[in-house]
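Here are a few friendly notes to read alongside the structure. They start with the ligand and then move on to a sheet.

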Amino acid sequence: MTSIQLAQASNALVYASMFTLTLAMIFFAASFASGRRRPVAQSVPAAAAVEGSGGTAVLTRPPVTDEPPMEPGRRAANIGMSLTWLAFLLLLGGVILRGLWAGRAPWGNMYEFSITGALGVLAVFLGVSVKRDLRWLGLFVTIPTLLWLGLAVTVLYTEAAQLVPALKSYWLVIHVSAAIICFGGFTFAAATSALSLIRGRIERRQGTTDVTGWTSRMPSSERLQALTNRVVAFAFPLWTFAVVAGAIWAENAWGRYWGWDPKETWAFITWVIFAAYLHARSTAGWRGSRASWIALAGWVAFNINYFGVNIFANSLHSYSGM
Amino acid sequence: MTTDSTTTTPEPVGAGMGDEPPLPPLGTTGLLRWLWRQLTSMRTALILLFLLALASVPGSVLPQRGANPQRVSEWITNNPTMGPILDRLGFFDVFASPWFAAVYLLLFISLIGCVLPRIGQHWKAMRTPPPAAPRRLLRLPAATEFASEDSADAALASAQAWLRSHRWRVRRGETDGTPWLAAETGYLRETGNLVFHLSLIIILVAVAVGGLFGWKGNVIVREGTGFSNTLTQYDAWGGGRMVDPAQLAPFSFTLDDFKVDFERGEAQRGAPRLFEADVTYRPTPGAPAQPTTIEVNHPLDVDGARVFLIGHGYALHFIVRDSTGNVVYDDTSVFLPRDSNLTSNGVVKVPDSDPPLGFNGLFLPTAAMDATRGGFSTFPALDNPEVLLAAFRGDLGLDSGVPQSVYTLDTSRMNKIGLEAMRPGDIWQLPNDSGSIEFAGVDRWASLQIAYDPGKELALLAAVIAISGLTLSLFIRRRRIWVKVLDGPEGGTLVQIAALAKAEGADPSDDVSALAEHLGGTAATERSEP
Ligand code: HEM
């Protein structure tokens with residue numbers, strides 16, 4: 001393919017992915033709209049008791065899983081999941097072609113970082129969904145990803161170009177790819193934190209964890225918090241690694257591994273906030289909704305670093321290409 | 001790592017850090033002890049972490065002296081009320097301010113006070129055998145029971161072998177005639193946690209070593225000229241308290257050639273694409289000269305110090321002659337870029353002419369003109385170079401004793417005598433019989449940062465250890481498992497297996513299923529609740 005064709009194909013795939021993701025969002029929304037009430041009859045094998053059967057006794061209690069019972073909206077949510085996979089593959093294609101077009105890793109400016117970041121969010125979401133039922137989360141991942149991609153193709157769009165010399169380093173590939181996956185993880189954690197706060201409020205109002213209404217399809221606020229914790233526990237060491245890789249790169253490029261440049265400062269702030277989150281999870285009185293707020297604050301800090309510092313600050317790291 | 005709130009377990013595991021602050025007791029020692037407990041509590045750590053994040057914010061919002069002293073002065077000038085107040089409070093030097101230091105020092109004192117006792121506790125925990133099986137095993141959240149044909153001994157021996165091979169610590173015992181087995185695994189979680197926190201201290205030490213023994217300087221070197229590593233050659237230099245500036249490593253180099261290239265395509269037109277400085281260096285004065293190339297991500301290592309390429313610009317060569325044609329000035333002056341198209345400002349000072357002359361210059365590598373902006377550059381390369389010179393005559397102020405910048409001209413006691421646009425090779429006959437100035441050519445200069453940080457290897461090592469420790473502490477799950485063998489109702493035996501997670505997110509039911517399967521029982525267990 002010629003370079004023009006690569007460029008067109010990459011852009012077309014990104015748009016196709018956005019279109020597919022929009023459909024996915026509609027299906028996820030439809031699954032919420034239909035069958036709002038939680039069916040009462042939830043058949044559970046004989047409750048907490050020791051059943052004797054031929055000398056073998058098995059202790060059982062009702063199994064607790066993330067899975068809400070079969071409901072009318074389920075079909076729509078399944079379609080939403082499939083469409084999200086399709087959107088992910090299309091976006092993956094778009095990112096790869098973008099890299100081929102530019103002849104380097106596809107994260108040299110804000111547009112490229114954004115489409116790759118959206119890919120990171122979808123990857124983390126779909127990755128976790130392999131092991132857990134995340135249909136209830138689909139709507140809350142597709143909406144921010146679409147907004148993000150929308151910003152990318154409109155405001156941030158830049159033609160592919162070579163890198164400025166400071167970005168020509170394999171540490172760039174390592175540092176940025178780690179940061180992108182972290183972005184996916186932190187976004188996921190922010191979504192589950194926000195939902196746990198909402199769901200927690202509804203649980204308190206209804207006085208039960210077995211709530212009715214639109215949040216009935218979600219896991220309980222406590223399970224949402226546990227899920228947040230899992231994802232942060234995965235993303236935090238990776239973020240630590242990303243920051244260290246950035247420091248090594250900075251040492252190579254500018255002669256100091258840490259200089260409190262605005263970008264570095266906000267990377268540090270993000271890191272400290274998520275460290276505070278992990279501590280909050282072990283502190284009585286903090287592990288519930290307060291920890292959720294901290295995780296949200298960490299995500300905000302990450303975004304300030306991305307949008308605020310790239311665009312407004314006088315930083316060595318201004319590579320927005322705008 | 002155990003805190004009083006990780007209550008996935010019916011038995012509270014370990015004492016942990018006190019979280020609910022009790023009232024301070026009376027008496028000095030009591031009060032001190034209470035204060036110390038407060039300082040080393042988890043909640044204090046949490047609050048101090050918040051403060052650390054918060055305290056960093058102004059450092060990214062306000063200009064900082066360390067990075068950009070010029071913008072700090074501008075900011076203070078533009079905000080005459082707030083500026084000086086913020087300045088006194090250290091807001092333009094946040095990361096060196098006493099309040100920032102107070103936060104992180106308190107945090108690290110808290111950290112040490114927290115980690116040291118935990119090392120002792122963990123050491124003991126690792127050498128203490130797992131506790132005996134609870135009386136009613138099946139009450140635990142993950143448990144199973146099944147009939148077996150094996151004898152108690154055989155079943156326990158088999159369980160023991162399996163657990164050992166899966167790296168559990170195993171202890172066997174007997175209570176009221178019932179033989180049991182207790183096992184524990186995942187000690188590395190706490191080890192990782194302690195290693196992580198300790199390596200944070202080492203990173204702080206490494207930063208301090210770099211601050212005390214390291215130094216950093218900036219210098220602008222023109223093509224064809226050299227540099228030797230002594231304090232007087234630097235444009236700016238800063239070193240730690242323990243550095244003797246007279247004892248810098250005696251290397252030297254010359255900048256032979258500096259190559260740059262800019263994007264000419266539509267996208268990101270003008271962005272830099274290549275910087276390469278060809279230099280010849282000598283590690284010590286007598287040593288043979290060695291050629292090498294410095295690039296942006298490839299510094300030159302000499303004698304522990306590293307030479308980085310951080311900027312570039314143009315240096316203009318002028319020749320000034322007096323009215324009789326004698327050369328009174330023949331030199332290049334560094335012009336400092338002020339935008340990405342390298343529109344640059346510089347001055348020429350000619351004290352040897354009579355009367356002295358001075359020139360303010362605006363250099364445009366690719367010159368363009370428009371009515372509102374006047375002259376400006378549209379591309380950073382030398383496509384259409386032009387310099388706009390303003391000539392002054394009078395007292396340059398060089399004898400006033402006040403040190404002068406080579407980049408600014410003090411025109412307060414000078415008269416402007418003319419203005420001219422010149423291209424390379426042009427000669428301008430100055431008015432009033434003041435002689436002439438020739439724009440002889442354009443060279444490049446490179447700005448280099450030379451840094452020596454003896455703490456950086458230690459910092460890197462500690463960071464790698466920190467990440468490893470963190471990964472262990474976040475991914476390893478600490479669990480206990482118990483096996484009891486009772487007499488079965490029909491002659492055989494009845495095997496009971498139960499497990500406990502000692503940390504959040506750890507689901508021990510898989511362990512129970514796996515062990516039950518190994519012992520030939522049904523794997524039916526249930527998940528523990530979060
Ligand atoms: C520089 C400041 C600190 C940072 C960046 C930091 C970071 C972290 C991180 C990332 C974790 C989660 C990983 C894990 O569970 O092992 C953690 C856990 C922990 N930290 Fe810190 N920490 C700091 C200071 C402190 C201090 C001052 C204390 C003592 C009061 C402390 C006590 C703990 C404890 C007890 C845990 C384990 C919580 C659990 O059981 O999950 N940390 N810390």
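1. In this predicted model, the ligand is surrounded by 23 residues. The closest are His279(A), Cys114(B), Asn193(B), His197(B) and Ser473(B).

2. At least two residues each come from α7 (262–280) of chain A and from α2 (42–61), α5 (98–127), α7 (188–213) and α8 (456–475) of chain B. The largest share, five residues, is supplied by α5(B). Sorted by class, the shell holds 14 nonpolar, eight polar and one charged residues.

3. Asn193(B) places a polar side-chain atom 2.5 Å from an oxygen atom of the ligand. For His197(B), a side-chain N or O atom is 2.8 Å from a nitrogen atom of the ligand. From chain A, the side chain of Ser282(A) has an N or O atom 3.1 Å from a ligand oxygen atom.

4. Now to the sheet in chain B. Its five strands run in the order β1-β23-β22-β3-β2, with antiparallel pairing, and the sheet is open. β1 (142–148) and β2 (169–175) of chain B each have a single partner strand, so one side of each lacks a neighbour in the sheet. Direction ignored, neighbouring strands are turned by 15° against each other on average.

5. β1(B) pairs with β23 (residues 493–501) of chain B over seven bridges, and Thr144(B) stands opposite Ile497(B). Helix α9 (residues 509–518) of chain B packs on this sheet, touching β1, β22 (479–487) and β23 of chain B. The direction of α9(B) makes about 10° with that of β1(B).

Methods
Residues numbered from 1 in each chain as written. Chains lettered and ligands numbered in written order. Predicted model: local features only at pLDDT ≥ 70, side-chain atom pairs only at ≥ 80, totals over all residues. Heavy atoms only, no water. Near = heavy atom within 4 Å. Polar contact = N/O pair within 3.5 Å; in protein donor to acceptor, adjacent residues only side chain to side chain. Helix = DSSP H or I, 4+ residues; strand = E, 2+ residues; numbered from the N terminus. Nonpolar A, V, L, I, M, F, W, Y, C, P; charged D, E, K, R; others polar. Pairing = 2+ DSSP bridges. Axes fitted to C-alpha atoms, helices over the stretch in contact; angles between N-to-C directions. Contact = heavy atoms within 4.5 Å.
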